[in-house]
Amino acid sequence: MESSNPTLNERTFGAARVGMGEPAMTVQGTVNKALILLAVLMATALWTWTQTSNPASAGSANMIGMGGMIVGFILALVISFKPTLAPALAPVYAACEGLILGVISAYFEMRYPGIVIQAVGLTFAVTLAMLLGYKSGFLQATPALRKGLMIAMGGIFVFYMVVMVAGFFGIHPPGFINGGGPLGIAFSLFVVGIASMSLVLDFDLIESASRQGVGKYMEWYGAFALMVTLVWLYLEILRLLSKVNRRN
């Protein structure tokens, strides 16, 4: 069983199985850890939000946010390859992600007042819908769904990387990436859909791992993996809403 989330895979959980009588991962424990990471992320995001909203400190907030993004990316790689470090590094990762999200959100809010609360609300609504769909059996992590999402996510990642590298050479990205036209909105809806469906696979793998008896520290790893997907989903919803607002 594999997840569309690159931080979650059967190899990772298989290597973490514990013996009889040892503390094991539970779904509730993973949820608790995810809530802790979310609280940490929101706290640092609120701080950089307030700093970015103040013209006197906006410059330093931008630098701090960029630093958080770089450190967060490095930490994500470290945690992905060394899940045993998740209990110590996952909260730091969440704090770093909060720093850059606060800066990004503040700028979007200044341009489109009210957009951030809409994006946050939609992110939680989509997550709840995916969870309810999964628990009811309506949404199932079938092999075909996993394969399709893996291909789609790989394509999106490569596309974003090409656009970013091209930007370093002064090549402007295709207009639909940031444009508010029908094609731009359709593209964002597609990416939001992929990010949303990846939650189903993450739910499935975490539930399966809890039945397999993996180590307690994997609760932090599972929570970290969910945060990766939620941050991606929030940013894509924010981008989508900005395109819709641009048309109004």
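Select glutamate 207 first: with a relative accessible area of 23%, glutamate 207 is partly exposed, because buried would need a value under 20% and exposed one over 50%. Keep in mind that this is a predicted model.

The side chains of glutamate 207 and arginine 211 meet in a salt bridge, 3.8 Å from N to O. Both residues belong to helix α8 and sit four residues apart, about one turn of the helix. Arginine 211 has a relative accessibility of 61%, so arginine 211 counts as exposed. Side chains of opposite charge can pair when their charged atoms come close.

Next, show the whole of helix α8, residues 182-212. How far apart are its end C-alpha atoms? They are 46 Å apart, which agrees with the 45 Å that 31 residues should span at 1.5 Å a residue. Step just past α8 to glycine 213, which takes a positive phi of about 75 degrees.

Go back into α8 and select aspartate 204, then arginine 146. Their side chains form a salt bridge, with 3.4 Å between N and O. This pair links distant parts of the chain: arginine 146 is in helix α6 (residues 143-168) and aspartate 204 is in helix α8, 58 residues apart. Are these two residues buried or exposed? Both arginine 146 and aspartate 204 are buried.

Move on to lysine 216 and glutamate 219. The closest N and O atoms of this salt bridge are 3.0 Å apart. Lysine 216 counts as partly exposed, at 38% relative accessibility, whereas glutamate 219 is buried, with a relative accessible area of 0%. In total, the structure holds six salt bridges.

Turn now to the rings. The structure holds six aromatic pairs. Select tyrosine 93 and phenylalanine 224: their ring centres are 5.0 Å apart and their planes stand at 80 degrees, so the pair is edge-to-face. Tyrosine 93 lies in helix α4 (residues 86-111) and phenylalanine 224 in helix α9 (residues 218-247), 131 residues apart, so this pair too links distant parts of the chain. Both residues are buried.

The last stop is phenylalanine 159 with tyrosine 160. Here the ring centres are 6.3 Å apart and the planes are at 40 degrees, so the pair is tilted. Phenylalanine 159 is partly exposed, with a relative accessible area of 26%.

Notes:
Residues numbered from 1 in each chain as written. Predicted model: local features only at pLDDT ≥ 70, side-chain atom pairs only at ≥ 80, totals over all residues. Heavy atoms only, no water. Phe/Tyr/Trp six-rings, centres within 6.5 Å; stacked < 30°, edge-to-face > 60°. Helix = DSSP H or I, 4+ residues; strand = E, 2+ residues; numbered from the N terminus. Buried < 20%, exposed > 50% of the residue type's maximum accessible area, 1.4 Å probe, protein only. Expected span 1.5 Å × (residues − 1). Salt bridge = Lys/Arg side-chain N within 4 Å of Asp/Glu carboxyl O.
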